[in-house]
Amino acid sequence: MLAQRTLKSLTKAVGVGLHSGQRVELTLRPAAPDTGIVFRRVDLPEPVEIAVNAEAVTDTRLASTISNGGVKVHTIEHLMSACAGLGLDNLMVDITAEEVPILDGSSASFVYLLQSAGIVTQKAPKRFIRLLKPVEVREGQGASLKWARLEPHHGYTLTFEIEFDHPAVNATGQRVVFDFGSGTYARDIARARTFGFTKDVEMMRSHGLAMGGGLDNAIVMDDVKVLNADGLRYQDEFVKHKILDAMGDLYIVGKPLLAAYSAFRSGHAMNNQLLRALLAQPDAYEIVTFDQDQQAPQGFAQLAPAW
């Protein structure tokens with residue numbers, strides 16, 4: 001059967017939160033079958049667990065935040081994207097602050113951490129959410145239109161288009177299609193960094209956001225150009241980061257999707273709205289497993305190669 005996956009051993013990282021600027025320690029631990037991905041705030045007098053699911057998302061301004069009662073963990077999408085990219089089903093995430101460390105602004109460091117710990121299969125079938133009919137969310141009209149959609153597909157593809165009126169972004173590709181079955185997530189998507197504009201950073205910091213952001217963990221642009229000395233990692237890094245974010249946001253549903261995702265100017269909020277719209281229509285999906293690896297779409301049965 002196509003089996004669930006967890007870590008072989010625990011691994012740790014230390015960094016700062018993008019928005020809080022707080023130092024944070026992250027410990028990633030193996031978890032039993034059917035645990036899912038669970039964050040555990042170990043800095044509190046009594047540790048509090050927050051299981052990742054679409055209903056646990058309580059804030060989508062600039063990042064995806066999950067909560068349990070009044071206890072929160074911010075900016076989970078880059079780690080979730082790495083888990084999706086490596087097909088990791090079960091994971092305990094001990095965290096010493098309320099924001100996941102930003103590390104280099106992409107998912108590459110999380111991919112490295114997870115692969116260094118080793119990924120093993122478990123004695124339980126991997127469960128997928130298979131789309132049976134299209135689900136879509138839309139917002140705005142004309143120049144303010146944005147939308148996101150899931151459609152039936154035997155596999156997992158993501159198509160994203162951005163629209164930024166900025167010289168540096170206009171000079172790059174603003175639409176990308178990624179097929180998860182290609183097995184190239186770590187190479188082609190994971191290294192794409194978050195990005196921002198200097199004019200927005202000052203405003204964000206006045207609201208207590210982006211306190212940990214800088215040229216070492218984000219692409220930063222002024223009115224005309226990229227300020228990072230090394231330039232871009234991919235020619236179309238901006239839209240690839242949107243694919244990275246979408247993979248993380250969508251994996252919050254708790255199981256890998258068998259679907260074609262497409263979006264225009266979507267973000268964390270709309271991605272979560274899409275998941276909630278899906279779950280609100282029980283006839284739009286089914287939960288499936290694969291008794292034989294070869295029954296699964298191409299690329300799903302292979303463990304990602306180690307670095």
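The conversation below concerns salt bridges in this predicted model.

Visitor: How many salt bridges does a search of the whole structure find?
Guide: Side chains of opposite charge can pair when their charged atoms come close. A search of the whole structure for such salt bridges gives a total of 16.

Visitor: Which residue forms a salt bridge with aspartate 104, and which parts does the pair tie together?
Guide: The closest N and O atoms of the pair are 2.9 Å apart, and the partner is arginine 233. Aspartate 104 lies in the loop between strand S9 (91-95) and helix H2 (108-117), so its pairing with a residue 129 positions away in sequence ties together separate parts. The other part is the loop between strand S17 (219-221) and helix H6 (237-251), which holds arginine 233.

Visitor: Is aspartate 104 buried or exposed?
Guide: The cut-off for buried is under 20% relative accessible area. Aspartate 104 has a relative accessibility of 15%, so this residue counts as buried.

Visitor: What is the N to O distance in the salt bridge of aspartate 222 and lysine 225?
Guide: Aspartate 222 counts as buried at 19% relative accessibility, whereas lysine 225 is partly exposed at 44%. Their side chains meet in a salt bridge with an N to O distance of 2.8 Å.

Technical notes. Residues are numbered from 1 along each chain as its sequence is written. This is a predicted model: local features need pLDDT of at least 70, side-chain atom pairs count only at pLDDT 80 or more; totals for chains, interfaces and linings use all residues. Side-chain values use heavy atoms; hydrogens and water are left out. A salt bridge is a side-chain nitrogen of Lys or Arg within 4 Å of a carboxyl oxygen of Asp or Glu. Helices (H or I, at least four residues) and strands (E, at least two) are DSSP runs, numbered from the N terminus. Buried means under 20% relative accessible area, exposed over 50%, partly exposed in between (1.4 Å probe, protein chains only).
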